[in-house]
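Colleague: I would like to go through this model with you. Let us hold each label against its cut-off.

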Amino acid sequence: YDIFRLQTTQLQTLPSAITSLSSTRSALISARPTPSMPTTPSLSLPLPATLDLLAQRRAQIVDLDAQLAQLQRTLPPKTQQLERAEEELRVLETRKREEVQKAKEAQRGREGGQGEELERRGRWGRGVEGALRAMLE
């Protein structure tokens, strides 16, 4: 008998609970943002389309991973080429600085009256070089 009374009481409160839950549901539905155009259309796709999109993205990731691996394989040779080019550049810059320094010294020598001496040494050097070449031939 007590169980029957308890169930009867519960049944009497059930319609008010249903009404309360319905009104709460309606309030939540109306409060839920329902944009006419979602910011990202892929978020509102049905399951099969979502799975297709996921498969496409995974294929893109595989392609990008392959490209990345290929680029990483070409990186060491390119790095070596860069190092060689930088070394050549350092050598050329050193030669340039030396030549500029020699040119400045020659300029100072000409201005100081040593130009004739340098010219005489140059003629002597060319003469000696020619004689040595003739002896070697």
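Colleague: How many salt bridges does the structure hold?

Modeller: The structure holds two salt bridges. This is a predicted model, where local features need pLDDT of at least 70, side-chain atom pairs count only at pLDDT 80 or more, and totals for chains, interfaces and linings use all residues. Residues are numbered from 1 along each chain as its sequence is written, and side-chain values use heavy atoms, with hydrogens and water left out.

Colleague: What makes the contact of arginine 90 and glutamate 87 a salt bridge?

Modeller: The term asks for a side-chain nitrogen of Lys or Arg within 4 Å of a carboxyl oxygen of Asp or Glu. Arginine 90 and glutamate 87 meet at 2.7 Å, N to O. That distance is within 4 Å, so the contact qualifies.

Colleague: Why is the contact of glutamate 99 and lysine 102 called a salt bridge?

Modeller: Their side chains meet at 3.9 Å, N to O. The limit is 4 Å, so this pair qualifies too.

Colleague: Where do glutamate 99 and lysine 102 lie?

Modeller: Both are in helix α2, three residues apart, about one turn of the helix. Arginine 90 and glutamate 87 are also three residues apart in helix α2, separated by about one helical turn. Helices here are DSSP runs (H or I, at least four residues), numbered from the N terminus, while strands are E runs of at least two. The chain has three helices and zero strands.

Colleague: Why is arginine 90 called partly exposed?

Modeller: Buried means under 20% relative accessible area, exposed over 50%, and partly exposed in between (1.4 Å probe, protein chains only). Arginine 90 has 44%, so it falls in between. Glutamate 87, at 40%, is partly exposed as well. So is glutamate 99, at 48%.

Colleague: What makes methionine 135 exposed?

Modeller: Its relative accessible area is 66%. That is over 50%, so the label is exposed. Methionine 135 sits in helix α3 (residues 115-136).

Colleague: Which residues form the nonpolar patch on the surface?

Modeller: Trp124, Val128, Leu132 and Met135 form it, with about 470 Å² of accessible area together. Such areas come from the Shrake-Rupley method with a 1.4 Å probe; for residues, only the protein chains shown count as cover. Patch residues have over 30% relative accessible area and no salt bridge; nonpolar side chains (Val, Leu, Ile, Met, Phe, Trp, Tyr) are joined within 5 Å, like charges within 9 Å.

Colleague: Where in the chain is confidence lowest, and where highest?

Modeller: Mean pLDDT (the predictor's confidence in each residue, from 0 to 100) is lowest in α3, at 79, and highest in helix α2 (residues 47-111), at 90.
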